[in-house]
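Hi,

Here is the structure I promised to pass on to you. Have a look at it first, and then read my notes below.

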Amino acid sequence: TIKGVIFDLDGVITNTDEYHYLSWQKLADEEGLPFDLPINEALQGLPRRESLLLLLGDRQVSEEKFHEMMIRKNRYYLEFIESISPADLLPGVGNLLAELQANNIRIGISSSSKNAKEVLQGLGILDKVDAIADGNSVIQPKPAPDTFLHAALQLNLAPSACLVIEDAEAGVKAALASGMSVIGLGSIERVGNAHLVLENLEKVNWQNLV
Ligand code: G6P
Ligand code: MG
């Protein structure tokens, strides 16, 4: 039986994916790098460094320039999330979190982001979360299973007792590799490997899931 739910953050709990997208777009425009929706899909769920490597493609830059570009992208992103508030919780999320708490189901976050705590704080749900594994935890990034395993460890749960909710291809891959049950949100092309695919969390009830 499921005793904990581990949520991806960006694109599942809130729509920061849009802000990541706009920030990468701005950087790509400034640098004359090709950028379109398929490239953006490939970036989703990946940490900052891996995303920039993908974006650069064949372009060679010095380590110093690489670093500057990561900082610049994050500066744009931080400007976007400055004004994030509880109103930015995606539909159904607040309700699901409340249901989980009422049913004594533990709540974890597994995100590649180094800004996860700031985002959770802005959303007003930092105190609802029992474990956070994010881009600051010194572990292999998604699609490796480490952030999920790290969250489960903090929740004191075996992977088989955890259910993951993910929206990115790299994240579904990571969650499956961790041995957890996986719900994918969004298109079949992206998250079709998950055990169950839903459009979003809007009408999702805990009772109907288990
Ligand atoms: C999440 C997002 C990615 C983002 C990554 C790193 O996984 O889905 O699009 O690139 O976090 O986030 P950060 O906030 O550390 O740059
Ligand atoms: Mg995501």
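What follows is a short tour, from the whole chain to the sheet and then to the ligand.

Please keep in mind that this is a predicted model. The chain contains 10 helices and 6 strands. Its radius of gyration is 17 Å, close to the 17 Å that the globule rule gives for 210 residues, so the chain is as compact as a globular protein of that length. Of the 210 residues, 44% count as buried. Look also at the contacts with a separation of 6 or more: 60% of them come from residues 24 or more positions apart.

Now for the sheet. The 6 strands make an open sheet with parallel pairing, and their order is β3-β2-β1-β4-β5-β6. At the edges you will find β3 (131-133) and β6 (196-198), each of which pairs on one side only. From one strand to the next, the twist averages 20°. To see one pairing in detail, find β1 (residues 4-7) and β4 (residues 162-166), which pair in the parallel sense over 4 bridges. Val5, for instance, has Leu163 in β4 as its bridge partner.

Which residues come nearest to ligand 1? Of the 19 residues around ligand 1, they are Asp10, Arg48, Ser112, Ser113 and Lys114. The shell is made up of 11 polar, 4 charged and 4 nonpolar residues. Two helices, α1 (16-31) and α3 (48-56), each supply at least two residues of this shell.

Enjoy exploring!

Best wishes

Notes. Residues are numbered from 1 along each chain as its sequence is written. Chains are lettered from A and ligands numbered from 1 in the order in which they are written. This is a predicted model: local features need pLDDT of at least 70, side-chain atom pairs count only at pLDDT 80 or more; totals for chains, interfaces and linings use all residues. A residue is near a molecule or strand if its C-beta atom, placed from the backbone, lies within 6 Å of it. Ala, Val, Leu, Ile, Met, Phe, Trp, Tyr, Cys and Pro count as nonpolar, Asp, Glu, Lys and Arg as charged, and the others, Gly among them, as polar. The radius of gyration is taken over C-alpha atoms; the globule rule is 2.2 Å times the number of residues to the power 0.38. A residue is buried if 20 or more other C-beta atoms lie within 10 Å of its own, exposed if 12 or fewer, and partly exposed in between; C-beta atoms are placed from the backbone. Two residues are in contact if their C-beta atoms, placed from the backbone, lie within 7 Å. Two strands pair if DSSP finds at least two bridges between them. Axes are lines fitted to C-alpha atoms, for helices over the stretch in contact, and angles run from 0 to 180 degrees between N-to-C directions.
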